[in-house]
Amino acid sequence: MADTQVAVLMGGLGTRLGLKDRPKAMADIQGRPFFEYQLKLLRRWGFRKFLFLVGYRADCIEGYFGDGSKWQADIRYSYDGQEQMGTGGALKNAEDKLEEDFLLIYGDSFMDIDYQETVYRYYMEKAEGKSGLMAILRNEDHYDKSNVVYQDGRLLLYDKVNISDSMRYIDYGVSMLARSVLSQAGRNRKFDLAELVTELSKEGKLGAQVVTRRFYEIGNPESLREFDAYARKRFCEERGAVFFDRDGVINELCYNDDIEQLDSPFTVEEFVYRPGAVEALLSVQSKGYYIFIVTNQPAAAKGKTSLARLYDLNTWMVQDLQERGVFIEFVNMCPHHPRGDRRSRYPFLAGECGCRKPEAGLITDLMQVYGIDPDNSYMVGDSHTDVIAGSRAGLKTVLVGTLKCDACQRLQGKHPDFIIGDIGQLERVITERDTGGMEDV
């Protein structure tokens with residue numbers, strides 16, 4: 001992630017917002033420029049190299065963000081001048097400053113996705129001959145007109161002009177591109193980047209990452225107020241959260257014939273919710289808690305399955321739970337394993353990390369970009385690793401299942417605050433603790 005360049009289109013005038021002295025990316029949100037929220041999000045994922053493509057009031061942007069050192073980032077600039085070049089023209093004019101492969105985002109949009117997945121999927125698609133990757137959201141004309149045909153795991157068409165009934169998805173505003181896609185475009189010409197990306201899709205050279213969270217785009221006063229309210233609740237106010245382990249808590253383990261023992265599911269067909277799990281999630285949600293899933297998934301590092309299948313299953317789970325009325329705020333997955341396996345095609349996943357439970361990284365990582373009240377938050381899991389990770393993050397811990405002697409020996413002195421026989425008892429723990437009616441275990 002640290003080696004991936006992020007190009008940011010920041011030439012928006014902000015005329016509809018009534019911003020007379022600053023571009024859209026600098027619109028005031030709770031006392032900070034709009035884009036600072038996105039920059040902090042990207043820094044959380046490890047990006048550090050940024051190229052800001054600026055035009056109108058470039059001095060305003062450069063005066064605030066400077067060289068990026070305040071955010072431990074390296075920010076450089078490409079200037080359009082006062083004439084608007086369009087997204088394509090601005091990118092073409094910056095061609096000499098772009099690296100061979102780069103992430104592209106918009107300075108007037110807030111897009112909160114798993115960028116590690118974005119980078120991985122791009123290089124996976126590039127190895128198969130593609131030149132770009134687009135993040136897409138199932139939209140059904142909800143946020144704007146849908147403009148993507150996506151079927152059977154493939155992006156078949158992206159077209160903002162010729163809309164058809166078969167378009168169910170929308171361009172999310174995040175993409176990765178090879179610099180070579182700009183080679184055929186002429187310099188000093190005003191044009192929309194969508195022209196080039198549409199051609200990529202028609203040539204079968206555009207891959208896709210399906211995302212599940214909505215985006216925020218500040219194109220008008222109403223959408224600006226909407227994001228301002230969202231930012232206040234998420235970044236400026238503290239709220240309780242419940243962090244759930246996945247396998248053995250949300251879903252059943254399944255029998256793996258290859259290793260002849262219970263293991264994580266790798267496909268939708270193998271994924272079965274544990275009795276009472278969906279109801280427990282609905283109950284937690286009704287009480288106003290954030291719901292996060294933090295899960296160790298080392299199967300790709302061990303050569304058991306592909307990294308793409310791990311991401312696909314999590315995406316399906318989030319979408320399926322949405323249809324059941326449960327909104328998962330984020331799934332944070334650790335795909336690493338200390339040793340890995342020679343069968344794995346992902347040697348970069350082998351080694352020590354700070355996110356694999358019992359380390360607390362999956363939890364503390366989310367606490368950096370959410371206002372979370374640790375005294376009113378829980379880690380719910382079925383293993384000693386969940387208890388230790390939750391304790392290290394400063395949360396109350398709930399163990400689902402029976403505490404056996406071997407688990408006691410692995411807990412490193414960090415006893416769970418609550419022990420419940422099954423996930424259906426979680427509501428009683430949270431309700432009675434919130435009302436002062438239950439003592440800690």
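The exercises below, each with a worked solution, concern a predicted model.

**Exercise 1.** Work out how many of the residues of strand E12 (residues 206-211) are buried, and which strand is joined to E12 by six bridges.

*Solution.* Begin with the directions in which the residues point: Leu206, Ala208 and Val210 point one way from E12, while Gly207, Gln209 and Val211 point the other way, and all are buried. Buried means under 20% relative accessible area. Since six of the six residues of E12 are buried, the strand is largely enclosed by the rest of the structure. Turning to the pairing, strand E8 (residues 132-138) is joined to E12 by six bridges, and the two run parallel; Met134, for instance, has Ala208 in E12 as its bridge partner.

**Exercise 2.** Decide whether Ile250 is buried or exposed, and find which residues it is in contact with, leaving aside its neighbours within four places in sequence.

*Solution.* First locate Ile250, which sits in the loop between strand E14 (241-244) and strand E15 (254-256). Its relative accessible area is 0%, so Ile250 is buried. Beyond those sequence neighbours, Ile250 is in contact with residues including Phe244, Tyr273, Leu281 and Met317. As for Val278, which is 28 residues apart from Ile250 along the chain, the C-alpha atoms of the two are separated by 7.7 Å.

**Exercise 3.** Describe the largest cavity by its volume and its lining.

*Solution.* The volume is about 260 Å³. Next, 18 residues line the largest cavity, and Asp114, Glu117, Thr212, Thr315 and Val331 lie nearest its centre. Helix H8 (307-323) supplies the largest share, four residues. Finally, sorting the lining by type gives nine nonpolar, four polar and five charged residues.

Methods
Residues are numbered from 1 along each chain as its sequence is written. This is a predicted model: local features need pLDDT of at least 70, side-chain atom pairs count only at pLDDT 80 or more; totals for chains, interfaces and linings use all residues. Side-chain values use heavy atoms; hydrogens and water are left out. Buried means under 20% relative accessible area, exposed over 50%, partly exposed in between (1.4 Å probe, protein chains only). Two strands pair if DSSP finds at least two bridges between them. Contact means heavy atoms within 4.5 Å. On a 1 Å grid over the protein atoms alone, a cavity is a set of points where a 1.4 Å probe fits but cannot get out, and a pocket is an open set with protein on both sides within 12 Å along at least five of seven lines; lining residues have an atom within 4 Å of a point. Grid points are joined across faces, edges and corners, and a volume is the space filled by probe spheres set on the points. Ala, Val, Leu, Ile, Met, Phe, Trp, Tyr, Cys and Pro count as nonpolar, Asp, Glu, Lys and Arg as charged, and the others, Gly among them, as polar.
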